[in-house]
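Hello,

Here is the structure I promised to pass on. Please have a look at it alongside my notes below.

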Amino acid sequence: MIKQLEKFLVPLAEAIGKNKYLVSIRDGFLITTPLLIAGSIFLLIGEFPWPALNEWMGSVIVDQKAGTSLTAFIEKPSSATFSVMAIFAVIAIAYSFAKQMKTNKIFGSATAVMSWLLLMPYVVNGAAKVGGKDVPVSLAGIPLNWVGAKGIFIGIVVSFIAVHIYAFVEKKGWVIKMPAGVPPTVVESFAALIPATAVMTVFFFINLLFGFLGTNAFQVIFDILQAPLVNLGGTLGASLTAYFFNCLFWFFGINGGAIVGAVYSPVLATLSLENIEFFKSGVGTPHIINGQFQDLFAVFGGAGSTLSLIIAMLLFCRSKRITELGKLSLIPGIFGINEPIIFGLPMVLNPVMVVPFILTPLFNIVVSYTSMAMKLVPITNGVTIPWTTPPVISGFLATDWRGAVLQIVLITAGIFIYMPFIKVMDKQYLADEAKAVDVTTNDEIDLDNLSFDDL
């Protein structure tokens, strides 16, 4: 059975790991992560789960003329990141894809952003008071909803198409060549002129076509692609499936997070951004499943939720091999690093541990989802908290004290899920250590009993 799975999963992982589109999406979102974490710090301060502090910050008026509170100023950095996150995603994904396509990364990224903006409808809908009544008005401008969560998927599509066209024209040699001695930046600028114009022309006609149809590309991609994928990805079944394969890949020594994340991360990121928008403005619907739910409540200590395993090793095991490994792995495990356990116990190709390794995260997801669906624990607020943040602290910051308590309950439950399985390994290691001691004892030379008659 294991060999059959290996024959199927290893080529699948290699195909996903080498897929230039998925790699570009994964790397692109990784590039945006520092900005989102930085914005999250300010958002956490502005929306800190301490009512008295929030009331005080809201009462401090910084801009007397506009009546803007200290809270609004503190939350501005989060608006400069989360609210326009699609812009950063397009830049980063196009840059990563241009690298994969072996073309100019800067100009490839720039033309992708240009193409994305070319397709965007520059209309901001609102209302104005006329005669005491709200009258719908439309103004020219860049709508924030399209540069935020709603614009991510079309940004991905446009990035791939734009860079493909740019690379095609460049590799055909349809570029302006400058004479020797011209500065390199000038050479690159003129070399990019024809490819960039070709990209712009293609997207001009695409935009024109949608205009004849009475719609725009952003709305069509959102309705056909993004909304269904996000709705599907936000289900309990999708989350369980993703973590099942995540752990299964790790069982074969393949980085499951990188493989599954390349497909699932864009959906989770979009769900998180929509949660932030909901908690800030009340617009939309919050999602239980999102990036923070997966990072902070599905696993503790890394893939397989092995922090529970480490604690079980220290509490219930007696073999020197397991207890010493547990001591070495505890501190890294608290911060979400579990390679010492994955490869040291090991978990890779270990038939004894595969069941709890897969079962524990699935149990965590079901219990967490149920607790949040029943409103026993608040839904995560979408704030990007580093995955290395220790449990309890991360649960408190993402929800409130109830999230911290839920994390403690899940870690404790995980200890007892892992316990019978790790005790089987402990018994085996104890027997191996006893045999090693017997062999060493029998091999010792006793000088007191040494006789020349034995020679």
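Below is what I found, grouped by region.

First, the ground rules. This is a predicted model, in which local features need pLDDT of at least 70 and side-chain atom pairs count only at pLDDT 80 or more, while totals for chains, interfaces and linings use all residues. Residues are numbered from 1 along each chain as its sequence is written, and side-chain values use heavy atoms, leaving out hydrogens and water.

Helices here are DSSP runs (H or I, at least four residues), numbered from the N terminus. G173, which follows α8, has a positive phi, near 85°.

Next, a helix pair: α11 (residues 217–233) packs against α13 (residues 256–281) at about 90°, with the axes 9 Å apart (axes are lines fitted to C-alpha atoms over the stretch in contact, and angles run from 0 to 180 degrees between N-to-C directions). That makes the two helices roughly perpendicular (65 to 115 degrees). From α11, Q226, L229, V230 and G233 meet Y264, V267, T270, L271 and E274 of α13 (contact means heavy atoms within 4.5 Å).

Finally, T384 sits in the loop between α18 (354–373) and α19 (393–398). T384 is buried, at 16% relative accessible area. Leaving aside residues up to four places away in sequence, T384 touches L36, I37, S40, F82 and Q292.

Best wishes

Note on methods:
Buried means under 20% relative accessible area, exposed over 50%, partly exposed in between (1.4 Å probe, protein chains only). Angles under 35 degrees count as roughly parallel, over 145 as roughly antiparallel, 65 to 115 as roughly perpendicular and the rest as oblique.
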